[in-house]
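Colleague: Can you walk me through this one? I'd like to hear about domains, contacts and surface.

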Amino acid sequence: MSTMMSDQSTAQVLEDLRPKRSWRQARSNIMVMLMGLAALVIVVPLVFVIGSVISRGAGVVFRDFPSFFTKKIPIKSEDIGPGMGPAIVGTMLITGFATLVAVPLGILGAVYLHEYGGTTKLSKLIRFLATVMTGVPSIVMGLFIYVIFTLRFGLSGVGGALALACLMLPVVIRATEEMLRLVPGNLREASYALGTSKSRTILTVVLPSALPGIVSGCLLAVARAAGETAPLLFTIGAARAVQGNIFKGANTALPAQIFENAKSLFPGAQERGWGAALTLVGIAFLFTLTARIVSSAYQKRR
Amino acid sequence: MSQLQEHLMSAESTGNEPDISPAVEAVSSRPVFSLKNLEVHYGAFRAVGDVSLDIREKEITAFIGPSGCGKSTVLRCLNRMNDVIPSARVGGEVLYHGVNLYGEGISPTEVRRRIGMVFQKPNPFPKSIYDNVAFGPRVNGVKSKAKLDDIVEKALRGAALWDEVNTRLKASGLGLSGGQQQRLCIARAIAVEPEVILMDEPCSALDPIATARVEDLMLEMKSRYTIVIVTHNMQQAARVSDRTAFFTTEVNPESDRRTGRLVEFDATQKMFSMPSDERTEAYVTGRFG
């Protein structure tokens, strides 16, 4: 090619292809910088939050290393020392029970909405209500359970779990429906073409393909719910010893303990609050990490 | 016997040269499908109208024609895959061994067990090669491991893929090349031992070498299965098929909407050498479409 062109035109072409110092180029650079700045601003509060939780909490947690996680909460708030055992157990049990309620319901509901309901009036209504439910403040969910459950059966872990399940449900429905939508239509067709019924296709082709997304969506919902305080305020009470039975008697959880201890004037209680905060952040982080690992492991297997 | 058949036979018997094409002996084979005035609507839109033709046993029948002429739509009527599209309505009759597939009390699921399909884009499940092929038999209730192993091997051999994959049956089907994936889809389709295999542009996503392998495979499979193939590639239709149906679009002068129509259906050799309709001639010689 170049042999066909004179040197003159080659030089000209070279000049033409050089980047121009134009206003357009400058504007592009400014925008890129603004976006970088926005990303930085987003990260700053996160770094400060995590930084302060670690700096104030790590000392408390590691001073009494495993016993902070296992010992009961001192009866007297002014006592200094561990631990948060009952709150950790409570958080696990309450969140676990909430998951057992919300995840199967949510996944089944989403399968109905996406695979069977389609655009019928009923499914449109359900979808609308689920969206509205996403916007309901968590304290309202707590009040709701307080009125219909706690007033009748008293304070217990189940009350808190039901309130958390109400919060998780719309998130699970949405995440699952979104994942079902992403399953390629040609996989369904391939299954139908082999003489597979619709229900069997959903069970053996659609759900397995959507599973990694559904699992990580559900784990994020769980992590979110584990950190909720408001729904627990009127429903679980504030036990200081491990309450293994979530169906009976007052229970406690990490967010509730953080709330209690942060209000306290005693340095010992405040310390325990920071320790509980670090523990909770750790648990949420573990869930998020698991969600990541699960979805990337599935991605690799494909 | 339909008019088309009579027309077909008379066309062959009055041919100028003595015809020794395989189509002549194939005339004796019985029809698997008889389409009678088939028409398909998508909502209010008439996509295809007035299609009548017979598809004969253990032959390869090709549907050719320009885009939007309804050849894929007609193909998808043969195993009720159009049911998946909510707005699709099918009129006329699709007789399969004399039974109207769109008649009352016919289960599309059972229809599809007998009439398999291979799609334009290779669509293996995100499962292992073995599980892809074993999927259909498992759905049909085969549980014994030995039996499944046997079916999988037979199907993969049938699809000329066994030698390439037998050492890695547990590997993902998505790790294969495009041509291998398409043959895996063929293996998956024949694992349920269908009578008919429908192929919707099975080679359009493949390179010429992979295409040649799939074409060889089709010719091999012809002794056991009835095959119907939709193709954009006229050379492909000429190479593999016994009979060819040419579809085109007609513009409705009132609504300006296009409706697919069957123009001509005849032995492939005749369709490509001396078609009766000038539109067919224009298409196969490349002057149109």
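Colleague: What should I know before we start?

Modeller: This is a predicted model, so local features need pLDDT of at least 70 and side-chain atom pairs count only at pLDDT 80 or more, while totals for chains, interfaces and linings use all residues. Residues are numbered from 1 along each chain as its sequence is written, chains are lettered from A and ligands numbered from 1 in the order in which they are written, and side-chain values use heavy atoms, with hydrogens and water left out.

Colleague: How is chain A divided?

Modeller: Into domain 1 (2-63) and domain 2 (68-301), with bounds from an automatic or database domain assignment. Their C-alpha centres lie 37 Å apart. Nine residues of domain 1 and 10 residues of domain 2 make the contact (heavy atoms within 4.5 Å).

Colleague: What area is buried between the two domains?

Modeller: About 840 Å², with 80% of that from carbon and sulfur atoms. Buried area is the accessible area (1.4 Å probe) that two parts lose on being put together, summed over both. On the domain 1 side, V53(A), V60(A) and V61(A) lose the most, together 57% of what that side buries.

Colleague: Which residue forms a salt bridge with R63(A)?

Modeller: E271(A), with the closest N and O atoms 3.0 Å apart. A salt bridge here is a side-chain nitrogen of Lys or Arg within 4 Å of a carboxyl oxygen of Asp or Glu. The rule finds one across the interface of domain 1 and domain 2 of chain A.

Colleague: On to chain B. How many residues of chain A are in contact with it?

Modeller: 17 residues of chain A, against 25 residues of chain B. About 1700 Å² is buried between the chains, 65% of it from carbon and sulfur atoms. In chain A, E189(A), A193(A) and L194(A) lose the most area to chain B, together 35% of what that side buries.

Colleague: And what does E189(A) meet in a salt bridge?

Modeller: R76(B), at 2.6 Å from N to O. The count between chain A and chain B is one salt bridge.

Colleague: Last topic: which residues form the nonpolar surface patch?

Modeller: Among them are W23(A), L37(A) and F48(A), and the patch has about 1200 Å² of accessible area together. Patch residues have over 30% relative accessible area and no salt bridge; like charges are joined within 9 Å, nonpolar side chains (Val, Leu, Ile, Met, Phe, Trp, Tyr) within 5 Å. Accessible areas come from the Shrake-Rupley method with a 1.4 Å probe, and for residues only the protein chains shown count as cover.
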